[in-house]
Amino acid sequence: MNILLFGISNVGKTAIGKIMAQKLNYDFYDIDDEVKQYYGYKNMDEFIHKNGYVVERDQKRSYIIGLVVKKDGNKVIAVPPIYYTRYCMNSLKKVSAEVIKIEIQDTPENIFNRLIFADDNDQLYHDDEYKNAHKSYYLKQIKQDISGYKVAFSKIENKIDITGRNAEEAANYIISMMNFNER
């Protein structure tokens with residue numbers, strides 16, 4: 001089984017996905033990491049700069065999603081925001097494995113509270129002082145992302161709102177809501 005976690009940036013796909021994978025004894029994959037490894041990019045900024053159009057990035061990410069899903073074993077896969085989901089869905093149609101797609105949803109304020117940054121080597125770090133100084137900007141961007149990806153995520157049948165839950169609680173909630181322990 002392949003569990004694909006969709007959602008906007010900083011909604012918690014990676015943190016929740018890692019916990020879910022551990023609890024279910026599945027492998028975990030982060031598509032951004034797989035993209036960097038497959039194409040040889042140093043970081044995601046390089047990937048974005050060398051693939052200037054969203055459609056190019058989405059095509060490449062979708063191809064990698066197909067490769068990961070084809071791998072043996074059960075997997076939880078954190079998928080970066082993909083606007084042109086038709087490429088992803090077409091890639092998944094070519095795979096005979098079971099695929100469950102879930103969109104993780106949360107409030108803009110909760111997503112802002114989880115906001116972290118990445119350096120030139122994609123190492124994550126917190127800068128609450130900077131983040132809070134630019135709070136109105138980031139909240140506006142988060143709201144635009146939620147609105148902007150609404151159509152793209154409309155084809156994802158399972159939508160789970162994790163409002164008020166930390167990553168551990170959200171992972172448990174998703175596992176319970178989707179009955180993954182019973183499959």
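In this predicted model, strands β4 and β7 pair in the parallel sense over four bridges. Strands pair when DSSP finds at least two bridges between them; strands (E, at least two residues) and helices (H or I, at least four) are DSSP runs numbered from the N terminus. Within this pairing, Glu103 stands opposite Lys159 in β7. Residues are numbered from 1 along each chain as its sequence is written. Local features need pLDDT of at least 70 and side-chain atom pairs count only at pLDDT 80 or more, while totals for chains, interfaces and linings use all residues, and side-chain values use heavy atoms, with hydrogens and water left out.

Stepping back, β4 and β7 belong to an open sheet of five strands, ordered β2-β3-β1-β4-β7 with parallel pairing. At the edges stand β2 (27–30) and β7 (158–161), each with a single partner strand, so one side of each is left without a neighbour in the sheet. On average, neighbouring strands are turned by 25° against each other, direction ignored; the axes behind such angles are lines fitted to C-alpha atoms, for helices over the stretch in contact, and angles run from 0 to 180 degrees between N-to-C directions. Further along the sheet, β1 (residues 2–6) runs parallel to β4 (residues 99–105) and is joined to it by five bridges. Here Leu5 stands opposite Ile102 in β4. Helix α4 (residues 54–70) packs on the sheet and touches β1, β2, β3 (75–78) and β4, its direction making about 165° with that of β3; contact means heavy atoms within 4.5 Å.

Buried means under 20% relative accessible area, exposed over 50%, and partly exposed in between (1.4 Å probe, protein chains only). Lys159, at 38% relative accessibility, counts as partly exposed, while Glu103 is buried at 10%.

These two residues also form a salt bridge, with their closest N and O atoms 2.8 Å apart; the term describes a side-chain nitrogen of Lys or Arg within 4 Å of a carboxyl oxygen of Asp or Glu. The structure holds ten salt bridges. Another of them joins Asp122 and Lys36 (2.8 Å, N to O), linking the loop between β5 (117–118) and β6 (124–125) to helix α2 (residues 31–39) across 86 residues. Both Asp122 and Lys36 are buried, and together with Asp33 they are linked in a network of salt bridges.
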